[in-house]
Amino acid sequence: MKYFTISIFVASTLLLSSCSDECSSYSDFSCSEIQKATYNVYFYFPNQKEYYLGVANGLSQCGLMAHRYASSKNLSGNREWSYICCMKAKGSECYEKHR
């Protein structure tokens, strides 16, 4: 009976760990929460000058805002620009950074 109990424990532990969200390995939030969060969007020019673009609702909107801004500045073909999506969470304006 002892081995049966241990086997059930091991099996349930493996099952639960296989169901975990892959984003939990680097974030306090699930992948779904990361996709739906509110973000402050920061654009970085090739010279690393930072420019605040505003607030985005969702990670995809954050990326879209940055790509549209790059296009408006004729930087679309330039791979030197970048952006950061700062998650607004837990009372912080930049709790986690995502792209």
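How accessible is Cys 94: buried, exposed or partly exposed? Cys 94 counts as partly exposed, at 30% relative accessibility (buried is under 20% relative accessible area, exposed is over 50%, and partly exposed sits in between, using a 1.4 Å probe and protein chains only). Keep in mind that this is a predicted model, where local features need pLDDT of at least 70, side-chain atom pairs count only at pLDDT 80 or more, and totals for chains, interfaces and linings use all residues. Residues are numbered from 1 along each chain as its sequence is written, and side-chain values use heavy atoms, with hydrogens and water left out.

**The disulfides**
- Searching the whole structure turns up three disulfides (pairs of cysteine sulfur atoms within 2.5 Å).
- Cys 94 pairs with Cys 86, with 2.2 Å between their sulfur atoms, and this link is left-handed, at -60° about the S-S bond.
- Cys 86 is buried, at a relative accessible area of 4%.
- Cys 23 bonds to Cys 31, S to S 1.9 Å; the S-S torsion is about 100°, so this disulfide is right-handed.
- Cys 62 bonds to Cys 85, S to S 1.9 Å, tying helix 3 (residues 59-72) to strand 3 (residues 82-89).

**Around Ser 27**
- Ser 27 sits in the loop between helix 1 (2-18) and helix 2 (31-36) (helices are DSSP runs of H or I, at least four residues; strands are E runs of at least two, all numbered from the N terminus).
- Ser 27 is buried, with a relative accessible area of 7%.

**The whole chain**
- The protein chain has three helices and four strands, in the order α-α-β-β-α-β-β.
- Of its 99 residues, 32% are buried.
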